Amino acid sequence: MPDQQTVRAAILEQKLLPLYYHDSADTSIQVLEALYAGGIRCVEYTNRGAAAAANFKAMRAVATERMPGLLLGIGTIKNAQQAEQYLSLGADFIICPSMNADVASVTNAAGRLWIPGCMTPTEIADAENAGATLVKIFPGNILGPAFISAVRDLFPGMKFLVTGGVEAEAKNLEGWFRAGVSGVGMGSKLISKELMERGDTESLKAATTRTLELVRQIQ
């Protein structure tokens, strides 16, 4: 199992973190395969449905067998029990929608990377005091790039990953990176429900490659 520093470095190097959920394990695996084929090596699956744990277990098995180098994490973790469950299923990292010290303790004790969700300077400071060096700014569409510009100098050792409202187009991405984020989380703007329902893995692969290249050009 890769250590915290390795996973953090991989996410920051990739700069684009895809995130999604689907009720179907087969569809979830197909999306994962398309993302991998498009160049992605770090993925966040989200704990947002009754089938999430079973799907994650199946995805972990397929990734271990057929996708060398893939780091598979779980998002929308809201308590220590959920964190323990997914750590036991092989999650490489844990992402929260909030700042939760209990999740931090469980995840850090397991030697895995914990990324808390923050919306205020107080929450970022609490996350920093709990050991976080990478936080998710959420919801990005409410806060905007100006928030990052305003708080980044207060936390010189912190890296920011913004999620919510990030779009796969140059102007939007440039605004975030120029403001000081180190990466962007992208859900439906990259992995739309329509693509998943159609099983259009070729279009998803192409969109993934294109968006990765766009992010790298901006950087």
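The structure, a predicted model, holds 3 aromatic pairs, where rings of Phe, Tyr and Trp (its six-membered ring) count as paired if their centres lie within 6.5 Å, and where planes under 30 degrees apart are called stacked, over 60 edge-to-face and the rest tilted. Because the model is predicted, local features need pLDDT of at least 70 and side-chain atom pairs count only at pLDDT 80 or more, while totals for chains, interfaces and linings use all residues. Residues are numbered from 1 along each chain as its sequence is written, and side-chain values use heavy atoms, with hydrogens and water left out.

**Aromatic pairs**

- Tyr21 and Tyr45 form a tilted pair, at 5.6 Å centre to centre with 45° between the planes, and this pair links distant parts of the chain, since Tyr21 sits in the loop between S1 and H2 and Tyr45 in strand S2, 24 residues apart; helices (H or I, at least four residues) and strands (E, at least two) are DSSP runs, numbered from the N terminus.
- Tyr21 and Tyr45 are buried, a term for under 20% relative accessible area, with exposed meaning over 50% and partly exposed in between (1.4 Å probe, protein chains only).
- The ring centres of Phe56 and Tyr86 lie 5.5 Å apart with the planes at 90°, so this pair is edge-to-face.
- Because Phe56 belongs to helix H3 (residues 52-66) and Tyr86 to helix H4 (residues 80-88), the pair ties together parts that are 30 residues apart in sequence, and both Phe56 and Tyr86 are buried.
- One aromatic cluster is formed by Tyr20, Tyr21 and Tyr45.

**Nonpolar cores**

- The largest nonpolar core has 64 residues, and Tyr20, Phe160 and Val184 have the most contacts inside it; such a core is a set of buried Ala, Val, Leu, Ile, Met, Phe, Trp, Tyr and Cys residues joined through side-chain atoms within 4.5 Å.
- Not counting residues up to four places away in sequence, Val184 touches several residues, among them Lys15, Leu16, Leu161 and Trp176, where contact means heavy atoms within 4.5 Å.

**Pocket and cavity**

- On a 1 Å grid over the protein atoms alone, a cavity is a set of points where a 1.4 Å probe fits but cannot get out, a pocket is an open set with protein on both sides within 12 Å along at least five of seven lines, and lining residues have an atom within 4 Å of a point.
- The largest pocket holds about 490 Å³ of space, a volume being the space filled by probe spheres set on grid points that are joined across faces, edges and corners.
- Of the 24 residues that line the largest pocket, Leu19, Tyr20, Arg48, Gly187 and Ser188 are the closest to its centre, and H10 gives the most to this lining, with 3 residues.
- The largest cavity has a volume of about 60 Å³, and H2 gives the most to its lining, with 3 residues.

**Backbone features**

- The peptide bond from Phe138 to Pro139 is cis, with omega near 0°, and Pro139 is found in the loop between strand S7 (134-137) and helix H7 (140-143).
- Lys15, in the loop between helix H1 (4-14) and S1, has a positive phi of about 70° although it is not a glycine.
- Thr76, in the loop between strand S3 (71-75) and H4, has a positive phi near 60°, and Thr76 counts as buried because its relative accessibility is 12%.
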